Amino acid sequence: MKTSFPKDKIEVVLLEGIHDNAAALFEREGFRVSRHSGAADPAELAALIASAHVIGIRSKTRLVGEALGAARRLLAVGCFCIGTNQVDLVSAAGAGVPVFNAPFSNTRSVAELTVAEVVMLHRRAFERSSQMHAGRWVKSASGAHEVRGRTLGIVGYGHIGAQVSVLAESMGLRVLFYDVIPKLPLGNARQTGSLDELLRESDVVTLHVPATDGTSGLIGAAEIENMKPGGHLINNARGSVVDLAALADALRRGRLGGAAIDVFPEEPSSREAAFRGPLVGLENVILTPHIAGSTQEAQASIAEEVGNKLLRFVNAGATTGAVNVPEVEPPPQRGMVAPGTDERPHRILHFHRNVPGVLSKINNAVSDLGVNVASQTLRTDGEIGYAVLDVAPSDGEQLRARMDAIEGTIRTRVLW
């Protein structure tokens, strides 16, 4: 079937070693795919994405300012990870560019590592391993404990926090959790009334919150002092959540017994760059390079989730799962097929400013032109509106021209 834009002209740029499954999805669709193993600096990035229709990134590439503006043909961005703070979401929305991510695909991987760290911290296993690598045989039960009967405090009871809760309880831990909104506990977990209550009662605290203004510096010197003496802290969430200097001080003083940290306020941009920080060299501290969600299973799942969201937008205009524009799930393009042809309706995608009167102007254009409309969907969200119309093949281009001229229009695109 002939399409409105040749698929072999659609350019997809995948950065930061995104899993093979994503490239395979786009290649099967007939798109042109270029892949790059690492993050690009701003100058390289501008050149790489100048002609891209779809950009796929992970956590290191920053699509902001000039870099985002350099992608003149850009239709959509895929963040093949949980977070989207590496993209200027407002500017992308203002250009009619939806941004998609994978908020749940690495849930199990993060939960499994978290529970493993609970055990390793209580057994001081990484400290003993480091001593062995240094040629020291320190066979001792001093400071080593079973986790059964201990209390795990989970801060943030979303998908990951809830999975940690289930796994931990199956190992005999008592589970408390704190969340800013009421949540249904799983198993025998109990929600605390405050963060301080959780910190005071927990033998180990694990963080599973997003990066927001409200979570920045959530665990600082005061919160650490409220934790149980000898307690443990795990952060597999976001680097902005914990004051690492305060944590290092508490560990040196013996106020806390250990920590496991996977995310940092500043992270090296490549394998060649050196890692430095206040926790380096401290005993019973597990440091990992932002790998909590980095398993082959998680990366494959993320590639398929985000890849399919991008395909559904490019091919059908669906914005379900987008984080910066209204979510619209249009019906299949069918109906109004001319006899003896396989011609589908023309689908018009219209991003616009969320200002009064846009819908009435669209409907006036439909009425003036006598357009046969098979379906119409409109959603607005904050500053942006998104309308999807399926119209008779004979009417698509003339209606598109009228809609493109409506004041407040950001972008109009036709699919057929």
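Predicted model: local features only at pLDDT ≥ 70, side-chain atom pairs only at ≥ 80, totals over all residues.
Residues are numbered from 1 along each chain as its sequence is written, and side-chain values use heavy atoms, without hydrogens or water. Local features need pLDDT of at least 70, side-chain atom pairs count only at pLDDT 80 or more, and totals for chains, interfaces and linings use all residues.

**View 1. Cys79 and Cys81, without a disulfide.** The structure holds 0 disulfides (a disulfide is a pair of cysteine sulfur atoms within 2.5 Å). For Cys79, the nearest cysteine sulfur is that of Cys81, 5.2 Å away.

**View 2. Burial of Cys79 and Cys81.** Cys79 has 0% relative accessibility and therefore counts as buried (under 20% relative accessible area, 1.4 Å probe, protein chains only). Cys81, at 13%, also counts as buried.

**View 3. The second largest pocket.** Its volume is about 380 Å³. A pocket is an open set of points on a 1 Å grid over the protein atoms alone, where a 1.4 Å probe fits, with protein on both sides within 12 Å along at least five of seven lines. Lining residues have an atom within 4 Å of a point. There are 17 of them here, and Ser4, Phe5, Arg413, Val414 and Leu415 are the closest to the centre.

**View 4. Lining of the second largest pocket.** Helix H11 (296-316), helix H13 (396-404) and strand E16 (409-415) each supply at least two lining residues. Helices (H or I, at least four residues) and strands (E, at least two) are DSSP runs. E16 gives the most, with 4 residues.

Conventions
Buried < 20%, exposed > 50% of the residue type's maximum accessible area, 1.4 Å probe, protein only. Points joined across faces, edges and corners; volume = space filled by probe spheres on them.
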